[in-house]
Amino acid sequence: MGKDTVSVVRQACKKFDHEGSRILDILREVQKRLACVSGETMDLLAAELSTHRIEIEGLVSFYSFFSENRKGKIIIRLCDDIIDRFAGIERVAKVFSEELGIGIGETSSDWNFSLEFTPCIGMSDQAPAALINETVVTKLTPESAGVIARSLKKNLDTSALVKKKGDGNNADRLVNAMVENNIRKKGEVLLGDNVRAEAGLRKALKKKPEEVIQEVLDSGLRGRGGAGFSTGLKWSLARKAKDARRFVICNADEGEPGTFKDRVLLTERADLIFEGMTIAAYAIGGTSGIVYLRAEYEYLLPYLERVLARRRKAGLLGKNIGGEKGFAFDIRIQLGGGAYICGEESALISSCEGLRGEPKTRPPFPVERGFLGHPTIVNNVETFCCAARILDGGPRWFAAMGTAKSSGTKLLSVSGDCAKPGIYEVPFGIRVADVLDMAGADDPTIVQVGGASGEMLNRGSFYRKICFEDLSTGGSFMTFNSSRNMLKIVDYFLEFFIHESCGYCTPCRVGNVFLRERIQKIMEGYAVKADLDYLKDLSRTIMMTSRCGLGNTSPRPVLSSIDQFPVVYASLLGEGGEGLEAGFSIQKALEESRRIAKRSSMIYDPVYGGSSD
Amino acid sequence: MTRFMEEAAIESMAEKVGDIMRNAFVFNIDGVGVKGKDGQTIMDAADQAGIYIPRLCDVEGLEPQGSCRVCTVKVNGRPAAACTQPAAEGIEVENETLEIFNWRRDLIRMLFHEGNHLCPICEASGRCELQAMAYRLGIFQPAKYPYLQPVRPIDASHPDIMLDTNRCIRCGRCIRASKDIDGKNVFGYVGRGMHKRVGVNGKNLAQTNVHLDDRAIALETCPVGCIIRKGLGFFTPIGQREFDRAPIGSTIEKAVLKRGKK
Ligand SMILES: Cc1cc2nc3c(=O)[nH]c(=O)nc-3n(C[C@H](O)[C@H](O)[C@H](O)COP(=O)(O)O)c2cc1C
Ligand code: SF4
Ligand code: SF4
Ligand code: FES
């Protein structure tokens with residue numbers, strides 16, 4: 001093992017020029033080849049990269065896709081999103097578990113398999129889904145899971161898993177995925193057939209950079225990643241910052257539960273994304289670009305690399321782009337490591353720098369001092385696509401669509417209980433009810449707009465509109481029918497935030513755990529009315545004192561569900577029986593004593609019979 | 001006495017020159033005018049004015065990191081961490097309102113409930129900043145939240161130092177002291193979310209190059225009682241410890257009263 005480890009570590013470091021900021025790539029390489037990054041390996045890496053073991057350990061323990069303990073040759077990551085849960089991932093998990101003889105979180109004794117749950121992998125429209133190493137498998141059933149498990153046991157070959165390829169570029173040799181695009185509605189901006197290759201870039205290069213920014217400003221384009229910041233303003237701030245180097249970063253981390261529209265753009269509109277990034281670089285004086293691609297989308301990497309190579313060959317990247325003297329710009333792809341928080345722009349920059357994916361202290365903002373201290377713009381995949389289209393179609397064409405403060409169209413990722421889950425390109429301002437109709441949701445009862453940190457709606461709120469003035473969303477739109485347990489959804493979101501909090505600040509790291517504890521208390525039926533005040537109070541502290549957008553919004557499912565479904569809560573709240581303190585459950589308290597004493601209670605468990613052990 | 005006055009005169013002159021050179025300005029904390037300079041945080045300026053903003057992760061001599069959030073104030077109506085937020089001309093800072101007071105109490109409680117804090121048997125009792133902060137904010141028995149009761153192993157590998165992170169509040173003071181003052185990397189963060197904790201640069205503390213003179217393990221570095229000198233426990237009798245004598249923050253408040261600025 002020793003000699004092998006040394007050579008793997010050396011090769012990985014060499015492949016990335018011993019570059020400290022590429023350490024995530026180095027770790028990925030090592031993890032893949034050695035199935036872990038052990039303490040011994042950390043020591044080697046630290047020596048090779050002139051850093052400290054604790055720094056390496058800090059990274060390995062932060063990102064879900066690295067592990068100190070040895071994993072199997074094949075890692076099966078079952079998508080544990082709420083949509084997948086309702087679609088039956090538990091039954092699928094059971095089959096995998098039985099076939100492979102290991103539980104969740106375990107690795108087989110022959111080191112062939114590891115079985116895990118993972119948060120949303122961006123396949124909610126084809127749930128239940130899983131990642132098997134880099135290969136995506138979708139629409140799983142207990143039967144298909146059995147077939148997959150047995151075939152893997154026989155040949156340990158993941159390439160044989162894709163029997164039928166998906167539509168569009170999913171069938172490309174370099175993608176080779178069974179993933180479906182499920183494009184249900186094409187709009188004028190992004191998914192229609194009127195998208196002309198490089199037209200936006202050609203027009204942009206004929207203008208001055210300031211004019212390009214002005215067009216983006218005039219179009220009213222706002223960020224598609226969720227926060228809705230003015231794209232033109234962001235670009236102009238970065239342009240004004242004094243520095244010789246500026247960076248353009250595309251946020252393809254798409255980790256918000258129920259969002260998968262960036263995946264479809266990456267598959268079908270890769271050129272448009274890179275075109276938009278190139279226009280942005282021209283506008284702000286950018287010198288290099290990075291696409292931060294979530295680890296779950298690694299299956300798209302070879303394809304995207306090929307598109308980049310082709311663009312370099314065509315003179316659309318590199319030096320003197322499009323014949324424009326002195327305009328040099330190139331793009332590299334940075335793979336993430338399995339951490340939702342890296343979608344937050346300053347955490348994303350930390351991650352690109354090879355650090356733990358923790359948000360940075362602001363100010364300074366990325367547009368002033370971002371990647372490696374240089375002015376940086378971070379924009380969502382869809383935002384770059386829109387920018388390229390605005391430069392072609394003109395700001396007025398774009399601003400004519402949508403509402404006053406939300407111009408253009410928006411991609412919605414629709415999932416859950418409906419006949420036609422998938423991607424809908426709709427103008428901003430569309431009503432929730434209209435989306436539900438289009439998607440064929442026949443019994444919509446709960447709608448969650450904007451992902452885990454978004455808003456939960458009851459039927460009476462379906463008149464509301466999707467736009468920054470009303471319901472803003474990065475694109476996640478989940479619908480649930482009347483058979484679904486509302487509190488299970490809330491509980492899942494909190495579980496997600498607890499798992500994905502970076503842990504930097506107190507309120508988010510600890511507060512979310514307390515929120516979940518109380519929601520579970522309600523679910524178990526021994527909460528009282530005062531618990532709702534407790535939840536609201538605690539939510540407010542978390543939202544107001546947290547350091548970044550995650551903690552600033554994580555209590556929203558709690559607050560909006562209390563607001564929208566007061567009757568559900570009321571039906572679960574008790575008065576506190578047995579003459580005991582309200583909110584105290586004697587059974588729960590006894591459970592602990594039973595466990596310690598290894599016997600039942602003489603008074604409270606007459607039917608237990610009091611047998612010891 | 002005369003020397004002291006001379007020193008004070010020079011100090012105030014230097015301050016004035018500095019003011020002119022570094023762009024001085026005025027802003028308000030709870031309606032009281034406070035002087036600030038470019039490059040100062042709200043915390044810096046407040047300290048100078050003798051206004052105490054509660055804090056745990058921030059400490060004199062280390063770069064602020066803004067993680068405990070106990071210093072949360074409102075700046076023009078929006079919450080911000082005073083230890084990292086730059087002071088600026090004309091801003092309205094709220095520090096002592098009921099709303100902020102309650103947030104801070106919640107944060108202190110969270111830190112208590114997250115770890116294992118058995119004050120009566122803790123070596124740091126009486127000089128612990130977490131405990132002192134609870135008293136200052138009027139928390140005498142943290143019972144609002146459930147106790148998470150983590151089980152964290154104790155590192156007793158080193159002959160002279162013991163690391164008991166059961167009380168760790170993840171303030172990172174030991175980490176920053178080691179990096180920025182000692183020029184070492186004895187401590188660092190590992191894990192994520194609830195599992196974020198302080199780790200050491202090696203299998204255990206004995207494997208690191210930690211030294212008894214390191215600032216990282218100095219008594220005033222860890223605000224609670226995680227870093228313990230072996231054979232030196234309970235060196236000051238209870239009742240005579242730092243916060244037994246005066247509440248936390250009073251040195252900052254008193255320093256300015258002495259200088260007669262208020
Ligand atoms: C916890 C968290 C996760 C986020 N995840 C993403 C993401 O996956 N993709 C994205 O584009 N923006 C995400 N954002 C928003 C980014 O911080 C940032 O606002 C966005 O990338 C800016 O691009 P835009 O202006 O084009 O939307 C996230 C924000 C937070 C707080
Ligand atoms: S709110 Fe705090 S703990 Fe949560 S993700 Fe942001 S910085 Fe990390
Ligand atoms: S060990 Fe002490 S100084 Fe270090 S992070 Fe924990 S509480 Fe802070
Ligand atoms: S003192 Fe400011 S966040 Fe801890």
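A:Pro363 turns up in the loop between α14 (345-352) and β9 (376-380) of chain A. Helices (H or I, at least four residues) and strands (E, at least two) here are DSSP runs, numbered from the N terminus. The peptide bond that leads from A:Arg362 into A:Pro363 is cis, with omega near -5 degrees. A cis peptide bond also joins A:Ala127 and A:Pro128, where omega is about -5 degrees, and A:Pro128 sits in the loop between β2 (113-118) and β3 of chain A. A:His18 belongs to the loop between α1 (2-15) and α2 of chain A.

A quick word on the ground rules: this is a predicted model, in which local features need pLDDT of at least 70 and side-chain atom pairs count only at pLDDT 80 or more, while totals for chains, interfaces and linings use all residues. Residues are numbered from 1 along each chain as its sequence is written, chains are lettered from A and ligands numbered from 1 in the order in which they are written, and side-chain values use heavy atoms, with hydrogens and water left out.

Next come the domains. Chain A splits into domain 1 (3-62), domain 2 (77-155), domain 3 (196-399), domain 4 (409-481) and domain 5 (486-597), with bounds taken from an automatic or database domain assignment. For domain 2 and domain 3 of chain A, the C-alpha centres lie 34 Å apart. Contact (heavy atoms within 4.5 Å) involves 11 residues of domain 2 of chain A and 11 residues of domain 3 of chain A. Buried area is the accessible area (1.4 Å probe) that two parts lose on being put together, summed over both; for this pair of domains of chain A, domain 2 and domain 3, the value is about 860 Å², 56% of it on carbon and sulfur atoms. On the domain 2 side, A:Cys120, A:Gly122 and A:Glu134 lose the most area to domain 3 of chain A, together 43% of what that side buries.

What about charges? Side chains of opposite charge can pair when their charged atoms come close. A salt bridge is counted when a side-chain nitrogen of Lys or Arg is within 4 Å of a carboxyl oxygen of Asp or Glu. The rule finds 1 salt bridge across the interface of domain 2 and domain 3 of chain A. A:Asp125 and A:Arg263 also meet through their side chains in a salt bridge (3.7 Å, N to O). The side of domain 2 of chain A that touches domain 3 of chain A is made up of 5 nonpolar, 3 polar and 3 charged residues. In this sorting, Ala, Val, Leu, Ile, Met, Phe, Trp, Tyr, Cys and Pro count as nonpolar, Asp, Glu, Lys and Arg as charged, and the others, Gly among them, as polar.

Over all chains, the structure holds 62 salt bridges. In one of them, A:Glu134 pairs with A:Lys32, the closest N and O atoms being 3.6 Å apart. A:Glu134 lies in the loop between β3 (130-132) and β4 (135-137) of chain A and A:Lys32 in helix α2 (residues 23-34) of chain A, so this pair ties together parts that are 102 residues apart in sequence.

Then there is the meeting of the two chains. The contact takes 43 residues from chain A and 41 residues from chain B. Chain B and chain A bury about 3300 Å² between them, with carbon and sulfur atoms giving 57%. B:Arg69, B:Met110 and B:Arg192 supply 21% of the area that chain B buries against chain A, more than any other three residues. The rule finds 6 salt bridges across this interface of chain B and chain A, and A:Glu358 and B:Lys196 meet through their side chains in a salt bridge (2.8 Å, N to O). On the side of chain B that touches chain A, α3 (98-114), β8 (187-190) and β9 (197-200) of chain B each supply at least two residues. α3(B) gives the most to that side, with 8 residues.

Finally, the ligands. A residue is near a molecule if one of its heavy atoms lies within 4 Å of it. Ligand 1 is surrounded by 18 residues, and the closest are A:Gly225, A:Asn251, A:Asn379, A:Asn380 and A:Thr383. An oxygen atom of ligand 1 is 2.9 Å from an N or O atom in the side chain of A:Asn379. Around ligand 2 there are 13 residues, of which A:Cys502, A:Cys505, A:Cys508, A:Cys548 and A:Gly551 come nearest.

How values were computed: Polar contact = N/O pair within 3.5 Å; in protein donor to acceptor, adjacent residues only side chain to side chain.
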